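I set down here what I looked up in this model, in the order in which I looked.

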Amino acid sequence: MSPVMQPKPIFALLLRCCLMLCVSFLIGGGNAAANDFLSDDAYANGETAQVADPIEPVNRAIFTLNDKFYIWVLDPVATGYSKVLPADIRGCIGNFFYNLGEPVRSVNCLLQGRFRDSGLVLSRFALNTICGVFGLADTAAHEFAIPPISATLGETLATWGIGDGFYVVAPLLGPSTVRDLTGTVVDSLAMASYYPWSDDELSPYTLTGVNTVNRTSLHLGEYDQLKSLSFDPYIAFRNGYFQMRSKTRNHSQTK
């Protein structure tokens, strides 16, 4: 008798997504350092002021837990990892994982009415998969002048007129809003559904962990530098999140 296929437990799928979403926290920390949100202008950011933070005590507690996790676990592991692999190879690994998310970005562009961007993202996926050896090289950007284009379900929901809700700090994931966190979870579920290792129970966790450590290794020191310059790291990261979001959702350069 052939074995009957059982549906994957939902908690396992959600756990997988949580691991994948750690990348968002790292990206936020890394890119935040590039933004000058320690200036007075940053604190006067209009978008920041418009998003409420009614559960700030809870958010601050989770922010502290995330901070300890980064300092005690992620940063030491990523530091050791960076000493083993050269930066070029780590960059290729980062390109590979980024390329896997291009189909979902293309769909989000389509849902936002950005038809040209949707086509460009699909072109990037095809070029990098075929000419870039399964996405290890960003051939689309370097040889065909097609830069990465961002698009998330959170942005799609915003385009449809759905509000942020309120500001949240998710365990391991970092700064977000109710709307954007929902979009990130759905995007991650969509990506996980077509990953080549989706049928294996162990590989997704292992590879997601590698992806997380790899991304952290490419931004070592930025998180600590940001914290050392911040009078209140919680406020600095909250403002940084909204500034980074505004920057990534400004698509004027791709038009």
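I took helices (H or I, at least four residues) and strands (E, at least two) as DSSP runs, numbered from the N terminus. With that settled, I placed histidine 219 in the loop between helix 11 (203-217) and helix 12 (222-229). I noted that this is a predicted model, in which local features need pLDDT of at least 70 and side-chain atom pairs count only at pLDDT 80 or more, while totals for chains, interfaces and linings use all residues. Residues are numbered from 1 along each chain as its sequence is written, and side-chain values use heavy atoms, with hydrogens and water left out.

**Overall counts.** I found 13 helices and two strands in the protein. Of its 255 residues, 44% count as buried, where buried means under 20% relative accessible area, exposed over 50% and partly exposed in between (1.4 Å probe, protein chains only). I then looked at contacts (heavy atoms within 4.5 Å): among those between residues at least 6 apart in sequence, 76% join residues at least 24 apart.

**Around histidine 219.** From histidine 219 to alanine 78 I read 9.4 Å between C-alpha atoms, although the two are 141 residues apart in sequence.

**Helix 11.** The expected span of a helix is 1.5 Å times one less than its number of residues; for the 15 residues of helix 11 this gives 21 Å, which agrees with the 21 Å between its end C-alpha atoms. Among the buried residues of helix 11 I listed Pro204, Thr208, Asn211 and Val213.

**Nonpolar core.** I used the term for a set of buried Ala, Val, Leu, Ile, Met, Phe, Trp, Tyr and Cys residues joined through side-chain atoms within 4.5 Å. The largest such core has 23 residues, and Phe63, Val213 and Phe242 are among those with the most contacts inside it. Helix 4 (56-84), helix 5 (87-100), strand 1 (167-170), helix 12 and helix 13 (233-248) each give two or more residues to this core, and helix 4 gives the most, with six. Leaving aside neighbours within four places in sequence, I found phenylalanine 63 in contact with Val169, Pro233, Tyr234 and Phe237.

**Salt bridges.** I counted a salt bridge where a side-chain nitrogen of Lys or Arg lies within 4 Å of a carboxyl oxygen of Asp or Glu, and the structure holds 14 of them. Aspartate 232 pairs with arginine 60, the closest N and O atoms being 2.9 Å apart; aspartate 232 lies in the loop between helix 12 and helix 13 and arginine 60 in helix 4, so the pair ties together parts 172 residues apart in sequence. The side chains of lysine 227 and aspartate 67 also meet in a salt bridge (2.8 Å, N to O). Since lysine 227 lies in helix 12 and aspartate 67 in helix 4, this pair ties together parts 160 residues apart in sequence. Lysine 227 is partly exposed at 23% relative accessible area, whereas aspartate 67 counts as buried at 8%.
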